[in-house]
Amino acid sequence: MRGLELSRRFYLEAVRPILECRFPRLEHAAALIGNGSEVLGFDDEVSADHHWGPRVQLFLRDLAPAADVHETLADELPVEFGGYPTSFAPPDERGTRLLVAVERGPVAHRVETLDLRAYLRELIGVNPLEGFGVVDWLVTPSQRLLEVTAGEVFADPVGDLTRVRELLAWYPHDVWLVAMAGHWRQIAELEHLCGRAASRGDELGSRVIAASLVRELMRLGLLQERRYPPYPKWVGTAYAQLGRSEAHALERALSASAWPEREDALVEAYEAVARRHAELAVTEPVEPTVRRFWNRPFRVLFADRFVDALLAAVSDRKLAAAASAGTIDAVSSNVHVLTRPPLWRALANLYDRA
């Protein structure tokens, strides 16, 4: 059973009946969002080696009864649900909690009682119900936007969690254009270097640059399909779900043993992504074919043409000027930064004119 289905059933069949009986007036939303491969639907048998199992988040309007809720669930939840233990071992030296079978309760369950506003501030640095401006969009990594909007809400009679997910479901139009421009800019900076490195006999360097180009094309492909790119572990999995025409070309670019084959594959991918840009109809037309890099024998798209077209289409001219490098995902790939809201929010001054 996939983790999201397990958690849904766990709430509906095990947790909610206890709440309705013991806490009939408890106002709460129930969900599985945030961290975890199961939230994205990417979990497999390996995922069960950390934090995976019957779990659910309860977002309470008032945390006063949280301790009583936790204790009651510990006493009354079954020791097993859906073929899995409901009890988790204490955190190990890495902070990991694994399922552990017990013969009788109370169980060390993972039904979390949370305050929605505090949870959101911890996850993305701000509470969107109090406002989420242009700079917030620019500095919040796409992985964190995905974590808020993926997964599933099992119950939300108050509606606050649903409103947050609707607010963050996708970038505002101008920010979407800026996000795509950032990855086109990365391609523009690298596309001519791949052949140059190969021409000097530096096959390793050429392959490294090709890998960077493939990464940017994949992230751009996700953005073109209005999908938040996840962090590196799941980019390939998420991208494969798109069924994009250039996918095989990207694989050939990475597996090519020599530059001519690598260039052919990259050219095919460039032009496919460029044609998809045209289909979006969000800018003035940009000719989607490659050409020689000035007088050098390398074929490039001159991807800066797409950057210019996208930024010209941004209706907020202050935003276009302030965010010409793109969102934070085009500025940094440092996971330490992208997983810590105080660090990424400190980069807001990059966009202080937006």
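A residue counts as buried when its relative accessible area is under 20%. W170, at 18%, is therefore buried. The structure is a predicted model, and it holds 14 aromatic pairs.

- The rings of W170 and Y228 form a tilted pair, with 4.8 Å from centre to centre and 40 degrees between the planes.
- W170 belongs to the loop between α7 (160-167) and α8 (173-190), and Y228 to the loop between α10 (203-224) and α11 (232-240), so this pair ties together parts that are 58 residues apart in sequence.
- Y228 is also buried, because its relative accessibility is 6%, which falls under the 20% limit.

**The pair Y171 and Y228**
- The ring centres of Y171 and Y228 lie 5.1 Å apart and the planes stand at 85 degrees, so the pair is edge-to-face.
- Distant parts of the chain are linked by this pair: Y171 lies in the loop between α7 and α8, Y228 lies in the loop between α10 and α11, and the two are 57 residues apart.
- Both Y171 and Y228 are buried.

**The aromatic cluster**
- One aromatic cluster is formed by F132, W137, W170, Y171, W176 and Y228.
- Its members thus include W170 and Y228, the partners in the tilted pair, as well as Y171, which pairs edge-to-face with Y228.

**A charge over a ring**
- R110 places its charged end over the ring of F88, at 5.5 Å from the ring centre.

How values were computed. Residues are numbered from 1 along each chain as its sequence is written. This is a predicted model: local features need pLDDT of at least 70, side-chain atom pairs count only at pLDDT 80 or more; totals for chains, interfaces and linings use all residues. Side-chain values use heavy atoms; hydrogens and water are left out. Rings of Phe, Tyr and Trp (its six-membered ring) pair if their centres lie within 6.5 Å; planes under 30 degrees apart count as stacked, over 60 as edge-to-face and the rest as tilted. Helices (H or I, at least four residues) and strands (E, at least two) are DSSP runs, numbered from the N terminus. Buried means under 20% relative accessible area, exposed over 50%, partly exposed in between (1.4 Å probe, protein chains only). A charge sits over a ring if NZ of Lys or CZ of Arg is within 6 Å of the ring centre and within 35 degrees of the ring normal.
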